[in-house]
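Please consult the sequence and the model shown here alongside the text.

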Amino acid sequence: SSGINAEYGEDAVAGANRETHLQSELELERVRYDESAAALIRNQEDLRKRELKITALEKENEQMKKKIADLEEDLRRLQQVSSDNQRLRDENAALIRVIGKLSRNPL
C-alpha cells in the first residue's frame with residue numbers, strides 16, 4: 001500500500017511537472033504569436049505606406065512625362081518661330097536690296 005502511494009505520488013509530481021512545463025511552453029508560444037502578430041501588423045503598415053509612396057511616385061512620374069511632352073512641344077514651336085524669323089530676315093534683306101536698287105535706278 002505504501003509502495004502504491006509512493007508510486008502514485010511520483011506520478012502526481014511527474015504529472016504536475018509536465019503540466020508546468022506545458023504551461024510554460026504554451027505561454028512561450030503565446031508570446032511568439034503576439035510578437036509575430038505585431039510584426040505582421042507592422043509589415044502591413046509598412047507595405048501600405050510603400051504602396052502609397054509608389055502611387056505618389058507614379059503620379060509624379062506621369063506629371064513629369066506630361067511636363068516633358070509640353071516642353072518638347074514648346075521647343076518645336078520655338079524652333080518653328082526661329083525658322084520663320086530667319087526666313088523673314090532673309091526676305092527683309094532681299095526687299096532692302098531691291099529697294100536699294102530701285103532707289104538708285106529709278107524707273
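## The pair R32 and E29

R32 and E29 both belong to helix 1, which covers residues 2-104. The two residues are three positions apart, about one turn of the helix. Their side chains form a salt bridge, with an N to O distance of 2.8 Å. The model is a predicted one, and this distance, 2.8 Å, is a value computed from it.

How exposed are the two partners? R32 is partly exposed, at a relative accessible area of 43%. E29 is also partly exposed, and its relative accessibility is 43%.

## Overall form of the chain

Along the principal axes, the C-alpha atoms occupy a box of roughly 155 × 15 × 10 Å. The radius of gyration is 45 Å, whereas a compact globule of 107 residues would have a value near 13 Å.

What percentage of the 107 residues counts as buried? The share is 0%. The protein chain exposes about 10100 Å² in total, and carbon and sulfur atoms supply 57% of that area.

The protein chain carries 19 positive and 22 negative side chains. The centres of these two sets lie 21 Å apart. Seven salt bridges are present in the structure, including the contact between R32 and E29 described above.

## The pair E62 and K65

A further salt bridge joins the side chains of E62 and K65, at 3.9 Å from N to O. This distance falls within the 4 Å cut-off, so the contact qualifies as a salt bridge. Both residues lie in helix 1, three residues apart, which is about one turn of the helix.

E62 is partly exposed, with a relative accessible area of 49%. K65 is likewise partly exposed, at 47%.

Which side chains meet at an N to O distance of 3.0 Å? They are those of E73 and R76, which form a salt bridge. Because E73 and R76 are three residues apart in helix 1, about one helical turn separates them. E73 is partly exposed, at a relative accessibility of 31%, and R76 is partly exposed, at 46%. Through salt bridges that share partners, E73, D74, R76 and R77 are joined into one network.

Is I99 buried or exposed? With a relative accessible area of 56%, I99 is exposed, because the limit for that class is over 50%.

I99 and R48 are separated by 51 residues in sequence. In space, the distance between these two residues is 75 Å, taken from C-alpha to C-alpha.

Note on methods. Residues numbered from 1 in each chain as written. Predicted model: local features only at pLDDT ≥ 70, side-chain atom pairs only at ≥ 80, totals over all residues. Heavy atoms only, no water. Rg over C-alpha atoms; globule rule 2.2 N^0.38 Å. Buried < 20%, exposed > 50% of the residue type's maximum accessible area, 1.4 Å probe, protein only. Areas by Shrake-Rupley, 256 points an atom, 1.4 Å probe, with all protein chains shown as cover. Lys, Arg positive; Asp, Glu negative; His and termini not counted. Charge placed at Lys NZ, Arg CZ, Asp CG, Glu CD. Helix = DSSP H or I, 4+ residues; strand = E, 2+ residues; numbered from the N terminus.
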